[in-house]
Amino acid sequence: MNAKQRVERLIKQAQLILKEKKHQLDTNNESETPVVATWGLMNAGKSYLLNMLTHNIDKEYFKTNDIRETAEVHRLVADGCVFLDTPGLDANAEDNAEALKGVAQADVVLFVHQLQGELEQVEVDFLKEVANSFGKYASENIIIVISKIDKESPEKVKEIQEKILKQCRDELGFSPQCFQISNTRYHKGEKEHKDVLIEQSHILLLRDHIQKLIKENANHVRKQRKNHKLQQYQTELVAIERELKQLQTEIFTPYYQALKKVDDHILDVIRPEVKAREKQYNEL
Ligand SMILES: Nc1nc2c(ncn2[C@@H]2O[C@H](COP(=O)(O)OP(=O)(O)OP(=O)(O)O)[C@@H](O)[C@H]2O)c(=O)[nH]1
Ligand SMILES: [Mg+2]
């Protein structure tokens with residue numbers, strides 16, 4: 001890429017950032033309905049969980065599948081919230097970006113992790129940036145949901161939960177609430193009116209917790225995330241400005257050097273010659 005193309009690219013980037021910044025500043029978040037988003041690796045049980053939280057027992061509103069299913073953000077309003085289902089992470093870069101778009105709007109993030117062991121490195125990496133954007137609200141408003149607990153013994157679930165919470169504390173610097181849930185238990189419990197299964201699914205506990213959180217702090221969280229975003233834009237703009245200045249120097253340095261050469265030539269060669277001619281002339 002030549003210098004001209006680099007300058008054009010930087011200017012385009014800056015224009016985009018300024019547009020997004022203006023959009024952020026123009027949006028009055030306070031009147032919006034609170035947003036809850038699921039997020040996590042493929043097949044973790046995100047869509048199934050949202051069906052259970054949004055009372056979709058008989059019919060799947062959010063499609064579920066054993067293979068990669070959700071490829072774009074889907075939304076549903078229920079219980080006074082907007083619920084967002086996002087594509088599973090780590091299928092491809094486009095899906096990851098799409099999922100992050102959903103998460104960027106959320107007041108509450110349900111990070112769904114299926115019971116296979118502690119958080120994978122890729123999950124830790126994804127959580128890092130989002131936890132940062134939540135600032136002091138990260139511990140409250142990012143909830144770790146361990147799904148499919150019907151597949152393991154309670155002891156094993158507890159052991160995995162402890163490991164995950166340690167990872168969050170040590171590697172991510174926040175201490176989230178953790179819910180151990182089973183979508184299938186809740187589904188069966190609702191269908192067959194089995195209260196014990198409903199209770200053992202912990203879905204109602206999670207639903208109540210989300211409602212409580214949203215009433216308490218949704219607006220503050222948005223402000224926090226908005227400020228974080230604005231700060232990020234500012235940092236990016238400063239970096240672009242620095243790069244443009246650097247390019248300016250790179251572009252003009254050869255011209256300055258050429259000019260200086262002409263200058264030096266005048267000083268070294270032409271001026272003495274002019275002086276010599278002047279002297280000759282004066283001696284006439
Ligand atoms: N045993 C058990 N299976 C579950 C549970 N939750 C989801 N599943 C199954 O796990 C598979 C994936 O569920 P989805 O809800 O589609 O997972 P997802 O995270 O939305 O997947 P993507 O959209 O592809 O990222 C499906 O076969 C579900 O039936 C659960 O609590 N227990
Ligand atoms: Mg899904």
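Reply: Here is the sheet, then its helices, its core and the ligand shell.

This is a predicted model, where local features need pLDDT of at least 70, side-chain atom pairs count only at pLDDT 80 or more, and totals for chains, interfaces and linings use all residues. Residues are numbered from 1 along each chain as its sequence is written, while chains are lettered from A and ligands numbered from 1 in the order in which they are written.

Start with the sheet. Six strands form it, in the order β2-β3-β1-β4-β5-β6. The sheet is open, and its pairing is mixed. Strands here are DSSP runs of E with at least two residues; helices are runs of H or I with at least four; both are numbered from the N terminus. Two strands pair if DSSP finds at least two bridges between them. The edges are β2 (74-78) and β6 (178-180), each pairing on one side only. From one strand to the next, the twist averages 25 degrees. Strands of a sheet pair through backbone hydrogen bonds, either parallel or antiparallel. β1 and β3 run parallel and are joined by three bridges. A37 has L84 in β3 as its bridge partner.

Now the helices across the sheet. Helix α3 (residues 93-104) lies across β1, β3 and β4, at about 150 degrees to β1. Helix α6 (residues 154-172) lies across β4, β5 and β6, at about 160 degrees to β6. Axes are lines fitted to C-alpha atoms, for helices over the stretch in contact, and angles run from 0 to 180 degrees between N-to-C directions.

Next, the core. The largest nonpolar core has 54 residues. Such a core is a set of buried Ala, Val, Leu, Ile, Met, Phe, Trp, Tyr and Cys residues joined through C-beta atoms within 7 Å. A residue is buried if 20 or more other C-beta atoms lie within 10 Å of its own, exposed if 12 or fewer, and partly exposed in between; C-beta atoms are placed from the backbone. V36, L49 and L110 are among the residues with the most contacts inside this core.

L110 sits in strand β4. L110 is buried, with 25 other C-beta atoms within 10 Å. Leaving out residues up to four places away in sequence, L110 touches V36, T38, W39, L49, I143 and V145. Contact means that two C-beta atoms, placed from the backbone, lie within 7 Å. I210 is 100 residues from L110 along the chain, yet their C-alpha atoms are separated by 9.4 Å. V36 also has I210 as a contact, along with C81, F83, A106, D107, V108 and L110, neighbours within four places in sequence left aside.

Eight of its eight residues are buried, so α2 is largely enclosed by the rest of the structure. Its cover includes β1 (35-40), β3 (81-85), β4 (108-114), β5 (142-147), α7 (183-192) and α9. After α2 comes H55, with a positive phi near 65 degrees.

The shell holds 22 residues, and the closest are G45, S47, T64, T70 and G88. A residue counts as near if its C-beta atom, placed from the backbone, lies within 6 Å of the molecule.
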